[in-house]
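Please take me through this structure in the viewer, one selection at a time. I would like to know what to select next and what is there.

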Amino acid sequence: NGNPIWLMRYAEWLITCPTLLYWCGLATRGERGAVADIATGDAMLLAGGALSSILPGWPSYFVFMGSCAAFVYVMTHMWGLFSKAMHPDFTPAPPLPRTALNLMRWEIVISWTCFPLIEYGRRYFGLDYQTGEALNSIIDYAAKVGLAMIMVNCNLEQINSIKVEQMQNAMSGMVKVMRKTNARITELDGMDDDVKGWLLNEYAGDDGEEDSKLSKRSKRNQKSINPDEISTSALFSWDF
């Protein structure tokens, strides 16, 4: 339509999109062959999109339709990877929780689908060229940043989970040694109330001794660490 063709955009997508799909394969523990097929389909649809921008007349239309068909193939199989990984019986379990996987697949499908729709509207429905370029830039940014935000958030959750687990092991071991040596718990002022309560209850709890040696009060107060409660407490602000 007399508008410039930004081939470098297609070159950039040819690098970033297969990389993102490969990362999706890692997040879903997808089979290498399936991920390679999706990445190949993605490369084909990008090549078709660039070629359809150069060709004149009806050849351009048919190549563009073929590129759209490849896009449907990529999205369908990508969705299948996530659905398979989200199944409760899927083993080995994916490194991300199911909620994160669900967010990822919806973010990819919604944001990536905008590109062929914008291009189709610009070519055949009179969408202004500059408007289309602005929409492409905004959505391209949102698509990549959205995935990055999901990835970073999941990594932070995993780090906190590891911290809680390590703190649980450390504190459980500490309490066990204190009880074995009949040590007294002192200097609790200033400690987080939730953890202070857990520490006192754990100290008075069962450590494998015979039932006859444990008071009813000790059994009643016994409880284990709740990772969710500790995660929301001031656990990570302590100076151990």
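This is a predicted model: local features need pLDDT of at least 70, side-chain atom pairs count only at pLDDT 80 or more; totals for chains, interfaces and linings use all residues.

**Stop 1: the largest pocket.** Select Tyr10, Gly49, Ser53, Glu119 and Arg123, which lie nearest the centre of the largest pocket. Its volume is about 760 Å³, and 39 residues line it. At least two lining residues come from each of helix 1 (7–28), helix 2 (32–54), helix 3, helix 4 and helix 5. By type, the lining has 21 nonpolar, 10 polar and 8 charged residues.

**Stop 2: the second largest pocket.** Now select Tyr22, Gly25, Leu26, Gly30, Glu31, Arg32, Val35 and Ala36, the lining of the second largest pocket. Helix 1 and helix 2 are the elements that give two or more residues to this lining. The volume here is about 160 Å³. The lining divides into 4 nonpolar, 2 polar and 2 charged residues.

**Stop 3: a nonpolar patch.** Go to the surface and select Trp58, Tyr61, Phe62, Tyr124 and Phe125. Together they form a nonpolar patch with about 630 Å² of accessible area. Helix 3 (residues 57–86) gives the most to the patch, with 3 residues. Phe125 sits in the loop between helix 4 (98–124) and helix 5. Is Phe125 buried or exposed? Its relative accessible area is 63%, so Phe125 is exposed, the cut-off being over 50%.

**Stop 4: Gly146.** Last, select Gly146 in helix 5 (residues 129–180). Gly146 counts as buried because its relative accessible area is 16%, and buried means under 20%.

How values were computed
Residues are numbered from 1 along each chain as its sequence is written. Side-chain values use heavy atoms; hydrogens and water are left out. Helices (H or I, at least four residues) and strands (E, at least two) are DSSP runs, numbered from the N terminus. Buried means under 20% relative accessible area, exposed over 50%, partly exposed in between (1.4 Å probe, protein chains only). Patches are made of residues with over 30% relative accessible area and no salt bridge: like charges are joined within 9 Å, nonpolar side chains (Val, Leu, Ile, Met, Phe, Trp, Tyr) within 5 Å. Accessible areas come from the Shrake-Rupley method with a 1.4 Å probe; for residues, only the protein chains shown count as cover. A salt bridge is a side-chain nitrogen of Lys or Arg within 4 Å of a carboxyl oxygen of Asp or Glu. On a 1 Å grid over the protein atoms alone, a cavity is a set of points where a 1.4 Å probe fits but cannot get out, and a pocket is an open set with protein on both sides within 12 Å along at least five of seven lines; lining residues have an atom within 4 Å of a point. Grid points are joined across faces, edges and corners, and a volume is the space filled by probe spheres set on the points. Ala, Val, Leu, Ile, Met, Phe, Trp, Tyr, Cys and Pro count as nonpolar, Asp, Glu, Lys and Arg as charged, and the others, Gly among them, as polar.
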